[in-house]
Amino acid sequence: MPGEMADEFIVTPWEVKGVIDYDKLVERFGTQRIDETMIERVRRIAGEVHPMLARGIFYSHRDFNWILDEYEKGNKFALYTGRGPSSGVHVGHMLPWILTKWLQDKFHVKLYFQITDDEKYLFKDFDSLDDAKKIAYDNILDIIATGFDPKLTKIFLDTEYIGHLYPVAIRVSKHVTFSITRAVFGFGHSNNVGEIFYTSIQAVPCFLESIEQGSNVPCLIPCGIDQDPHFRIARDAAPLLGYYKPALLHSKLLPGLRGFGEKMSSSQPETVIFLSDGEKQVRHKISNALTGGRPTVEEHRRLGGNPDICVVYANYQFIFEPDENHLKSVYDTCRSGARICGDCKVELADKIVDYLRKHEERKEKARDHVDEFMLRD
Ligand code: TYM
């Protein structure tokens, strides 16, 4: 029925389509909502709550309460997150990295950062592995520029650390049948065997700190919810290998600039703010972004706009407006019609240009520090 089609959406690590119903996704994936009690618990332990948690941008989890239970008993967890180096980094990628940095600062914990050059080669983003590697090293500068603690952060490319990863990956892969990858990802006869194996590699860093310590250490993975299917498989395998199941914090996906029907994704550069975009590009892209405004200024002033369907507002809310009071005023003045889209876009573009300028300065400095972060065989 056509009415039902409106509800259709797809979320996998490689494909996001349609307007995502995040409540339905929690049901579909079998995760838990992050509720007020959990947010207050974080506030009590960490002394404050990051806006992305407080606002429900990170909105779902697996076993996060257990991570906090263990932490309160004195058992620290390790953080794990990652990047598939397909292109330049965009602001959507920054969401999990910003929260991961905040968690590292508040809980003083180690971070494993996986760069999956193998994944991006296998899934056909590149014809040559070297091309993935080149992008990876540029992405690593962006990762370091996010501000992770060099003493507590280890970054590695899969192909450069494979001697350490492989013995664990094959143990994982022994418990992952083709039927599982077919059920979880929809793989079929035309998928190459590297694609079918790949999740076993993405699972390994969940266990690296346990291996390093020689005893089980909880692992917490902040990531976009699109990555959850990999970790469902990793969680099933973990106890069979004698490890704890990894816990997760999932974020909603920042939409592209053309609307909520697609996530911000490098495959559509005009709808994406890349960290490398210059001021002119940012202003141009934001000026073309879809809003919740009315067709004319007169109507907008009279009837008000709808920030709930506006990607400009989403950018304020997800990342670029840390101040709760100002965010509320953006929302309220849009609704009342006092704020018009043109002005709102200029204000957002100013914020993004400022953010990117500061990031670029930190990225320049990062060039001299890469080796302090890297793990290689
Ligand atoms: P990748 O490079 O596609 O994405 C990196 C991280 O960014 C998140 N993300 C987004 N978050 C919010 N809004 C968006 N529009 C958006 N687009 C991407 C992703 O969810 C991810 O957290 N296979 C992984 C690499 C990886 C990984 C991991 C990621 C390896 N190990 C552990 C997270 C955790 C990938 O290609 O991510």
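How many residues surround the ligand, and which are the closest? There are 27 of them, and the closest are Tyr80, Arg83, Gly84, Glu119 and Asp226; a residue is near a molecule or strand if one of its heavy atoms lies within 4 Å of it. Some notes from going through the rest follow.

1. Ground rules. This is a predicted model, so to speak of local features pLDDT has to be at least 70, side-chain atom pairs count only at pLDDT 80 or more, and totals for chains, interfaces and linings use all residues. Numbering starts from 1 along each chain as its sequence is written, and side-chain values use heavy atoms, with hydrogens and water left out.

2. Arg83 puts a polar side-chain atom 2.7 Å from a ligand oxygen. For Gln227, the polar side-chain atom sits 3.1 Å from a ligand nitrogen. Lys263 also has a side-chain N or O atom 3.5 Å from a nitrogen atom of the ligand.

3. For the terms: helices (H or I, at least four residues) and strands (E, at least two) are DSSP runs numbered from the N terminus, and two strands pair if DSSP finds at least two bridges between them.

4. Strands 3 and 4 (the latter residues 58–62) run antiparallel and are joined by 2 bridges. Gln32 has His61 in strand 4 as its bridge partner.

5. Around strand 8. Strand 8 (residues 219–224) is mostly covered, with 6 of its 6 residues buried; buried means under 20% relative accessible area, exposed over 50%, and partly exposed in between (1.4 Å probe, protein chains only). On one side, 2 bridges link it in parallel to strand 5, with Leu79 opposite Leu220. Strand 9 (residues 247–251) is also parallel to strand 8, through 5 bridges, and there Gly224 stands opposite Ser251. Between strands 8 and 9 the chain passes through helix 13 (residues 228–241), and this β-α-β crossover is right-handed. That label applies if, with the strands pointing away from the viewer, the path from the first strand over the helix to the second runs clockwise.

6. Axes are lines fitted to C-alpha atoms, for helices over the stretch in contact, and angles run from 0 to 180 degrees between N-to-C directions; contact means heavy atoms within 4.5 Å.

7. Tyr243. Look in the loop between helix 13 and strand 9 for this one. Tyr243 counts as buried because its relative accessibility is 14%. Leaving out residues up to four places away in sequence, Tyr243 touches Arg171, Phe207, Ser210, Ile211, Asn216 and Ala238.

8. Glu209. Helix 12 (residues 208–213) holds Glu209. With a relative accessible area of 8%, Glu209 is buried. Its side chain makes a 2.6 Å polar contact with that of Tyr112. Beyond four places in sequence, Glu209 also touches other residues, including Ala78, Lys110 and Val217.

9. Lys285. Worth a look in helix 14 (residues 279–287): Lys285 is a lysine that counts as buried, at a relative accessible area of 6%. Among the residues Lys285 touches, not counting those up to four places away in sequence, are Leu257, Glu270, Phe274 and Asp277.

10. Thr271. This residue is in the loop between strand 11 (259–263) and helix 14, and is buried at 2% relative accessibility. The Thr271 side chain reaches the backbone oxygen of Gln268 at 2.8 Å. Neighbours within four places in sequence aside, its contacts include Gly256, Arg258, Glu262 and Met264.

11. Ile98. In helix 6 (residues 91–107), Ile98 is buried with a relative accessible area of 19%. Ile98 and Pro222 are 124 residues apart in sequence but 9.7 Å apart in space, C-alpha to C-alpha.

How values were computed:
Polar contact = N/O pair within 3.5 Å; in protein donor to acceptor, adjacent residues only side chain to side chain.
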